[in-house]
Amino acid sequence: MDEMPLAYCVIELVFDEDGHGVDFIFRYCNKEMAVVEGVTVEEMLNRSFYEVFRNGDRKWLVSYADVALNGTKHTLKDFSPEIGKDHTIYCYQPEPGFCACVLLPE
């Protein structure tokens, strides 16, 4: 996965006491993820998304939480202000509590 030509990450969801997804932590990022996001793997790994991207949008948290909790799959298409590009994100559950994402820049 490290050398895969598509950006790929596995995130662990962080929930509040009411069970709502409030953040996520990068548990794995491949090299292409660093290229797409514009930060090194080391800067992302084991850190909160909102720590790495302080102005990050929270709109996708519901979808990521649904994947992590329920094992659903989502395809998200939108503009990412963090990277300044349109892209598609394919999400699936590699194990409960986690969401894996494949990013395809447009």
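Let me start with the sheet: five strands, open, in the order S2-S1-S5-S4-S3, paired antiparallel. Strands here are DSSP runs of E, at least two residues, and helices are runs of H or I, at least four residues, both numbered from the N terminus. Two strands count as paired if DSSP finds at least two bridges between them. Strand S2 (21-29) and strand S3 (74-80) are the edges; each has a single partner strand, so one side of each has no neighbour in the sheet. From one strand to the next, the twist averages 35 degrees.

A word on the source. This is a predicted model, where local features need pLDDT of at least 70 and side-chain atom pairs count only at pLDDT 80 or more, while totals for chains, interfaces and linings use all residues. Residues are numbered from 1 along each chain as its sequence is written, and side-chain values use heavy atoms, with hydrogens and water left out.

Now S1 and S5. Strand S1 (residues 7-15) runs antiparallel to S5 and is joined to it by 6 bridges. Valine 10, for one, has alanine 100 in S5 as its bridge partner.

Next, cysteine 101, which sits in strand S5 (residues 98-105). Is cysteine 101 buried or exposed? Cysteine 101 is buried, at a relative accessible area of 2%; buried means under 20%, exposed over 50%, partly exposed in between, with a 1.4 Å probe and protein chains only. Leaving out residues up to four places away in sequence, cysteine 101 touches, among others, Ala7, Cys9, Tyr64 and Cys91. Contact means heavy atoms within 4.5 Å.

Technical notes:
Axes are lines fitted to C-alpha atoms, for helices over the stretch in contact, and angles run from 0 to 180 degrees between N-to-C directions.
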